[in-house]
Amino acid sequence: MFTELWLHPALILIVGALILPLVKGVARKPFLMLVPVLAFAAVLLMEQGTYGVFPFLDWNLTFGRVDKLSLVFAYIMTLMCIIGTLFGLHVENDYEYMAAWFYVAGSLGVIFAGDFLVLFLFWEVMAFSSVFLVWFRGRQQSLAAGYRYLLVHTAGGLALLAGIVLQYQATGDLSFNLLDVSNPTLALYLILIGFILNAAAPPFHAWLPDAYSEATVSGAVFMCAFTTKTAVYALARGFAGMEILIALGVMMTLYGVIYATLENDGRRLLSYHVISQVGFMVAGIGIGTELAINGACAHAFAHILYKALLFMGVGSVLYMTGKSKLTELGGLYKKMPLAFLFTLIGGLSISGFPLLSGFVSKSMIIAGGFDDHLYWAAFLMMLASVGTFLSVGLKMTYFIWFGKNNCSQETWDKAADPPMHMNYAMGFTAFLCFFIGVYTPYLYNMLPYAVEYRPYTAYHLAEVIQILLFTALAFFLVVKKLAPKPMISLDVDWFYRMSGSVFKVTADRSMTYVNQWGQETLAEAIPHRLNRFFLEGPARLCLLVVKPIWQLTGVRIDGPDGAEHRFLETFSRSLFTIGSSAIFTVIVLLVLLYSIM
Amino acid sequence: MIVKFIDYLRDRLKLVIRLCFGVLVLLVLYDALLLDKSYAHTAAEKLPGFWSLFGFIACILLIVFAKLYGYLGIQTREDYYDR
């Protein structure tokens, strides 16, 4: 039942993905760009309203709930799909685009979903298509990381499904709107677990650095944008104002920053910053005021762009040199100046430098905290912003492009600015980071509530510039202490990675034991005993009777020619030995007869 | 062009560093003398150069905390999971 003609952008991407393998030759690259552009156009042309309602069993499934909240997320996600596809234009493997587009389609499906069933359907599409972006890297580690990713997301999906079922049982309503967050039930908590697992909130976060650092170069650019931000959308829709999210979000901002400061692998470092930045959004949603929700949406919007820019910058280093560890890079500004410039812009954006996107979005959330007198939350988020600049803007940028040159001769020879399409993708994204930072109405007019917030006040500028520049001062004073080390940091994936091997050893031992027991007892001992019983059983029964008689008469019993041995031998040759089975049969027949009578 | 510019700055590193220190000093002076602090959220922010101090201390604090956390056994050899 179409209320009016409405084209779901996810459908454009899915159809495009299915046609893609048929498009060959000169038409292929234009087609690759056309599909995401069409999806973006579909979002631009969309009017608010409810579309795509289909009756299914007892329910009405809503595929197209279009309002300001879903529009701002759909806008940035389809835009990101264009950027990601452009950046990955060198990829020959059609299936990688298909996986990426299905993944974006999953996100868009969730964003326009009006009820929990449709949401759950697309939620799973996301997990099962994005895992291929990890697997297509083709390394042994990627395969393992992909399976862990899938396992964790399946678990999260099940929690979500259980929550949905309980919610339906309790309320009889499947529609996805703001839940009753002041009286949380088990159903609500299960749905929340499903959502925050995708938002990578500790302790459900370890899948993110694990998978994103193992994904393909362009796959990681897609992944960093969609899963967590779709979860942010779902939280903003269903859990706005749930206080527990403030503490959770603030904890995320700091957790990600601490790990990023220790991290050696560039893409893992950025992954921890996804956790940290999503923490700001989660905290904003928890605060729940109009300003804070606006801030969370604005930050998601800005974050998708600058995080993609950072993943593209570090990804282009990986693409050109094959290395992403800080201990194997350094001094690259001479060889990759453009990639440096773009990554720097990304790094300054995420740190919230004035004139860049992070400045106008993150500050809304923190202002929301201050306005609500949540000083502890606001100050801790400020602390996390310091850490963001410290680890991305300063540490990562410095140790890849400046610092000690750790490149091997091979790495150094390979290093050069990436192909043009990558530069275009990065250049366009860097431009958007500036544009958002400079012309605030562009982003602010898209937000769900009317914005009265003004980021460019003298006080706010002085505050941010002081914090950032003095962070830089502290960094350069202790820069030697921060030199990267070839080490990894253990995270909570330790539990399932190690429990995996514990499980393997336990399963191995216990199964070997069961196997052995089966062999010895079931296959050998029991048939042997049964065999002996049927062969010798009647004879031994008779022996019980005759032995006392022999003992009385004084016959020699034991020994090779004793009475017992001769008796058994005679018995085994005599007619009686047909015996035991015949006796058995007779007994069974008698029992049958008796039961019939 | 970018490389040349960076090399130009690196050749005059001492001057660049002095300029940066100059900017920092000016910034603190601006905060202490000129800035209208009626927009401050808390009383603490009325201290001259509060946010400078905050940035500096927060940065050192985070580095120390992260390093300590790493030494507690969280940081380990790269082939840890390959056994």
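This is a predicted model: local features need pLDDT of at least 70, side-chain atom pairs count only at pLDDT 80 or more; totals for chains, interfaces and linings use all residues.
Strand β3 of chain A, residues 487-489, is joined to β1(B) by three bridges, and the two strands run antiparallel.

Let me turn to the contact between the chains as a whole. On the side of chain B, 34 residues take part, and they are in contact with 39 residues of chain A. Which elements of chain B each supply at least two residues to the side that touches chain A? They are the helices α1 (2-11), α2 (13-34) and α3 (50-74), together with the strand β1 (75-77). The largest share comes from α3(B), with 15 residues.

How confident is the predictor? For the complex, it gives an ipTM of 0.92 and a pTM of 0.84. Chain B has a mean pLDDT of 87, with 99% of its residues reaching 70 or more. Within chain B, confidence is highest in α3(B), at a mean of 91, and lowest in β1(B), at 84.

Finally, I draw your attention to one helix of chain A. Helix α3(A), residues 68-87, has 20 residues and reaches 29 Å from its first C-alpha to its last, close to the expected 28 Å. This helix is mostly covered, as 15 of its 20 residues are buried.

Thank you for your attention.

Note on methods. Residues are numbered from 1 along each chain as its sequence is written. Chains are lettered from A and ligands numbered from 1 in the order in which they are written. Two residues are in contact if their C-beta atoms, placed from the backbone, lie within 7 Å. Helices (H or I, at least four residues) and strands (E, at least two) are DSSP runs, numbered from the N terminus. Two strands pair if DSSP finds at least two bridges between them. pLDDT is the predictor's confidence in each residue, from 0 to 100. The expected span of a helix is 1.5 Å times one less than its number of residues. A residue is buried if 20 or more other C-beta atoms lie within 10 Å of its own, exposed if 12 or fewer, and partly exposed in between; C-beta atoms are placed from the backbone.
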